[in-house]
Structure formats: structure tokens, C-alpha cells
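Have the structure open as you read.

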Amino acid sequence: MEAYETLVTRVTPSILEEPAPDHEIERKIVAAALRAPDHKRLKPWRFISIRGDARAKLGEIFAAAYKNKAPNASPEVIARENKKPLRAPLILVVLAKIVEDANVPAIDQKFSAAAAAQNIILASEALGFGAVWKTGDAATDPLIREALGVKTNEEIVAYIYIGTVKARPNPPAPLEVSAFLTSWPA
Ligand SMILES: Cc1cc2nc3c(=O)[nH]c(=O)nc-3n(C[C@H](O)[C@H](O)[C@H](O)COP(=O)(O)O)c2cc1C
């Protein structure tokens, strides 16, 4: 029942703060990712943990990448990019690691990595933390990919920002299941 409650009540937090999950809890969170649905057990994912001072280093890379794309960007905008990774004490980067397989198309492998990302979010919540899924340009920018060591057969599907929840928006109005669910044939 608790697991179901987590599923149906989760709302993405608006502010995360210290403390981060410790290393033991982080391993538990990633263990949940490793049980994502995985056709033919290809294990088409890997995860990069970024915490502590490494977040500032990532911020410098975000800022450099932004500057490279938009040389005329204002110092304020660049400073904002620089500080982005400091919005949570822990970031787990989720990568789809696409392997050649006649029966499992690349898109299915990417879906598996997305399921792993969602397992990270739900496991974080179940273990008392909050988590935010982010992508944006940081997921595809070549400079950022290179700095993180992302290989040509890999894609960043998520930066999951994880921490202690300081604030959460009010939950949205409940949705009516029947508005999204039909039976076939009608
Ligand atoms: C694939 C994906 C990428 C996302 N990228 C971003 C992002 O770059 N920045 C952001 O603010 N929210 C992003 N979001 C949205 C938030 O993670 C979150 O879902 C949103 O704030 C709505 O909150 P909810 O999860 O409570 O519905 C992304 C969500 C998904 C599924």
C-alpha cells in the first residue's frame, strides 16, 4: 500500500536542500534503477553520481557550454547556468547505453533508461528524499557530453536532482481516470 501511495501522490519538489542521501542510500536508489524493465537483459543504462564540490565543476561546464552557444549571453544568464547544479546536493545522471541488438530497437533501450530514471525518482521518495527530472540543453550539448565522458552510443536521458525536500508545490487537482482510459473495442 505504501508503494502505491508514493506512486499516486508524488509531486515534483520545487526546492531541494542538504542533506543528500548518503552513499548507502544512494546505492539503494540506484539498485531500484537496475530493476527497470529490460528486454533481453541488455542493461542499456549507466549512472553518474555528482555530489559535493563536483557540482560546482559541473556548473562551470554548464556555463562554458552556454557561452559557447550564446557568446553574447549576459553575465547574469551565465551565472545562472553556473549555479544550476547547486540546486540539489546530489545529481544522478542517467544514460541510455545503446547496444546493437536485432530484437531490441534503440528506442526501446532508451525507454528502459527512462524507466530506470523514474525508478530513481520513486525510490528517492520511498526512502524519504525528493527528486527532480531535468534534461534541457545539458542533455545533448557536445561540450557537456564530452566533459562527462558520454560515449557515442550513449544518450543522457535525465539529470535527476536529489535531496531533502524543502518545498513542494500543492498537488494538482486530481485527474479523472476515465478521461484518459478507454476500452477497446468501444
Ligand atoms: C523527460 C523529462 C525532462 C524534463 N526536463 C525538465 C527540465 O529540464 N527542467 C525542468 O524544470 N523540468 C523538467 N521536467 C519536468 C519536471 O521533472 C516535473 O515533472 C515537472 O516540474 C512537473 O512536476 P510533476 O512531476 O509533479 O508533474 C522534465 C520532465 C521529464 C519527464
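## Ground rules

This is a predicted model, where local features need pLDDT of at least 70 and side-chain atom pairs count only at pLDDT 80 or more, while totals for chains, interfaces and linings use all residues. Residues are numbered from 1 along each chain as its sequence is written.

## The chain as a whole

The protein chain has six helices and five strands, where helices (H or I, at least four residues) and strands (E, at least two) are DSSP runs numbered from the N terminus. In sequence order they go α-β-α-β-α-α-β-α-β-α-β. Along the principal axes, the C-alpha atoms fill a box of roughly 55 × 45 × 40 Å.

Of the 186 residues, 28% are buried (20 or more other C-beta atoms within 10 Å of the residue's own; exposed is 12 or fewer, partly exposed is in between, with C-beta atoms placed from the backbone). Two residues are in contact if their C-beta atoms, placed from the backbone, lie within 7 Å. Among contacts with a separation of 6 or more, 81% join residues 24 or more positions apart.

## Helix α5

Helix α5 covers residues 106-126, and its end C-alpha atoms sit 30 Å apart, which agrees with the 30 Å that its 21 residues should span at 1.5 Å a residue (the expected span is 1.5 Å times one less than the number of residues). After α5 comes G128, with a positive phi near 95°.

Buried residues of α5 include S112, A113, A116, A117, I120 and I121. An α-helix has 3.6 residues a turn, so residues three or four places apart point the same way. The cover over the buried residues of α5 includes α1, α2, β2, β3, β4 and β5.

## Around the ligand

Which residues are around the ligand? They are V11, T12, V132, W133, K134, T135 and G136, near meaning a C-beta atom, placed from the backbone, within 6 Å. By class, this shell has three nonpolar, three polar and one charged residues (Ala, Val, Leu, Ile, Met, Phe, Trp, Tyr, Cys and Pro count as nonpolar, Asp, Glu, Lys and Arg as charged, and the others, Gly among them, as polar).

V11 lies in the loop between α1 and β1 and is partly exposed because it has 13 C-beta neighbours inside 10 Å. Setting aside neighbours within four places in sequence, V11 contacts R168, P169 and P171. K134 belongs to strand β4 and, with 15 other C-beta atoms within 10 Å, is partly exposed too.
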